[in-house]
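Here is a short tour of a protein model, written for someone new to reading structures.

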Amino acid sequence: MQFSKQLNQAISRAWLLTALYFVTPVVLADVTISGLEGRVRDNVRLMLSLEKEQCAAPEWKIRGLYEKADREIDEGLRALGYYHGAVKKSLTFGKACWKADFDIDPGPQVHVNDVSITISGAAHDDPEFQKLKNKLLKINGSPLDQGQYEKMKSRIESLALARGYLQGSFTEKKLLIDKELNKADIRLVFDAGKRMVFGNIVVEQDILDPEFIKKFISIKSGDFYTSEQLAKTYNDLSKSGYFDMIDIVPDVENDAQGVPVLIKLRPKKKHHYAFGVGFDTDIGPLLSGAYDNRLLNRRGHYLTSALDLSPVLSTASVEYNVPLNNPISDTFSFGGGLKREDTDNFNTLSAKLSGRLKHALDSGWKQTLFLDLDYEDFTIGSTRTKTLLLVPGGSWIKSVSNDVLRPTRGYRAKFDVSGSYRNPLSDVSFLQGAISATWLHPLPWNSKFIGRTDLGATLVDQFDKLPTSYRFYAGGINSIRGYAYKELGPKDSEGNVVGGRFLTVLSLEYEKTVFDNWGVAAFVDSGNAFNVDNILLKTGAGLGVRWYSPFGPVRVDFAVPLNESDSSFQIHFAAGARL
């Protein structure tokens with residue numbers, strides 16, 4: 001019994017000591033460095049072992065590191081060209097802690113007096129090496145930085161590997177320092193050897209036709225070996241969406257001039273399902289689902305489908321996709337879809353058959369040319385209309401940002417043009433154009449400016465027969481906040497919003513990060529959907545909260561209308577990046 005009591009006491013003391021160990025704050029000693037500024041001070045501080053020691057460190061250890069400090073300071077100074085440093089130092093021990101002071105005179109700095117770079121072998125006349133050489137020679141006359149000297153060598157070696165000079169090496173690499181004259185000479189001689197080419201290329205896979213796979217592979221037997229082409233091949237195969245694993249292995253140890261390349265591909269699962277539950281203040285609770293068949297045949301055809309259900313807006317679509325001669329940038333698709341939309345002002349049910357030709361331009365723009373056969377049954381107030389349209393058109397979109405999930409700089413622009421001419425397959429003649437753009441720009445104090453605009457115009461012979469899908473409305477989180485979804489636009493004699501021929505929306509927003517993953521915003525939105533005989537701008541303003549989540553930004557906005565509205569305020573919620 002006595003033994004058990006002693007054991008419990010020992011365990012309790014152990015737990016107490018452990019808790020004190022983790023609770024007791026770590027106190028670092030005061031190490032002061034005077035006489036240095038900027039990078040030199042930072043580099044010396046980085047080299048000092050004393051800098052990392054706590055007040056509780058034993059005295060014998062501190063004295064040992066103190067004696068070692070002269071050598072560490074000298075190494076830190078030499079790295080940035082100071083070879084005549086003088087150090088005055090002191091070390092004192094108090095009851096609570098110790099303190100070290102270093103007064104350092106760095107002396108004169110060594111400057112680069114002459115740089116000589118010689119490239120021999122097959123790379124002697126390579127224009128890329130000439131460009132690099134001219135850049136590196138600009139270091140002449142600058143203060144000596146040994147880190148920069150090491151980077152010079154690394155850049156030459158990296159370029160050699162990237163350009164296929166796989167056996168290249170330095171035959172001479174010297175940094176000659178004259179301490180008396182404070183001058184340094186750099187001598188680099190690089191023998192690139194022969195330039196390698198791609199040898200036999202073997203692709204291990206059995207899901208797609210070999211001829212189709214070749215369209216994603218930019219490396220060709222006999223072409224000069226470049227890491228850029230290897231990276232492009234990897235990226236193109238990855239973007240194709242067919243493969244779960246891509247392994248490209250060049251045999252650079254091969255003695256022959258041709259470098260064999262083995263490409264191993266493992267397919268993704270053929271069937272992909274996705275389900276989701278969400279909420280949007282414009283359309284209410286949302287259920288979504290998607291099904292993709294990633295491999296309908298060995299020619300790379302694939303199927304995509306999606307279903308979204310909500311009280312206001314529900315859609316269903318299916319699309320059969322056919323990669324064209326350049327599958328990296330060109331695809332043809334055909335499919336169909338259903339849409340049901342029920343707002344306070346109208347309800348509509350539409351069915352669409354469509355064909356789309358998609359092309360990714362080298363400039364970053366994504367182009368879609370389409371032909372839609374659209375049947376829409378819509379009701380506004382007590383008037384029900386049925387319209388059939390054959391609509392050709394085009395869409396161009398480009399998005400650029402410095403970060404996918406949390407951008408601070410970038411833009412997104414989209415242009416749409418569509419129309420129809422009255423014929424047996426079209427009840428209405430119209431021509432419509434629309435522009436939407438969003439611009440992000442960083443501001444001081446960890447903040448950013450967000451500008452957004454939406455512009456649209458329609459020429460139509462019979463507006464009353466034009467479906468609601470082709471009319472302009474305003475209001476909602478992605479339009480004019482402070483007003484309900486599609487609340488704004490011209491009204492009929494019964495007070496129903498019937499939509500307009502034109503659209504103008506301008507939004508200005510200031511967003512500031514206040515914690516690591518939280519921010520606040522202030523905004524003002526203005527504009528409306530209108531006809532030329534009745535232009536009435538509406539404005540909303542408010543404040544918002546931002547959560548920068550791992551899956552993208554989440555926005556909650558509290559907005560009030562500054563003009564006549566159906567409600568005194570609106571709470572808007574949305575998730576996802578704006579660009």
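## The second largest pocket

Five elements, α7 (227-239), β13 (313-323), β14 (330-342), β15 (346-360) and β16 (366-380), each give at least two residues to the lining of the second largest pocket. By class, the lining has eleven nonpolar, ten polar and eight charged residues. Ala, Val, Leu, Ile, Met, Phe, Trp, Tyr, Cys and Pro count as nonpolar, Asp, Glu, Lys and Arg as charged, and the others, Gly among them, as polar.

A word on terms: on a 1 Å grid over the protein atoms alone, a pocket is an open set of points with protein on both sides within 12 Å along at least five of seven lines, while in a cavity a 1.4 Å probe fits but cannot get out; lining residues have an atom within 4 Å of a point. Points are joined across faces, edges and corners, and a volume is the space filled by probe spheres set on them.

## How to read this model

This is a predicted model, where local features need pLDDT of at least 70 and side-chain atom pairs count only at pLDDT 80 or more, while totals for chains, interfaces and linings use all residues. Residues are numbered from 1 along each chain as its sequence is written, and side-chain values use heavy atoms, with hydrogens and water left out.

The largest cavity holds about 120 Å³ of space. Of the 14 residues lining the largest cavity, P407, K448, E511, P553 and R578 lie nearest its centre. Strands β20 (447-460), β23 (538-549) and β24 (552-561) each give two or more residues to this lining. Its residues divide into seven nonpolar, one polar and six charged.

## Two helices side by side

Helix α4 (residues 127-136) packs with helix α5 (residues 146-163) at an angle of about 170°, their axes 11 Å apart. Axes are lines fitted to C-alpha atoms, for helices over the stretch in contact, and angles run from 0 to 180 degrees between N-to-C directions. Therefore α4 is roughly antiparallel to α5 (the term covers angles over 145 degrees).

Note on methods. Helix = DSSP H or I, 4+ residues; strand = E, 2+ residues; numbered from the N terminus. Parallel < 35°, antiparallel > 145°, perpendicular 65-115°, else oblique.
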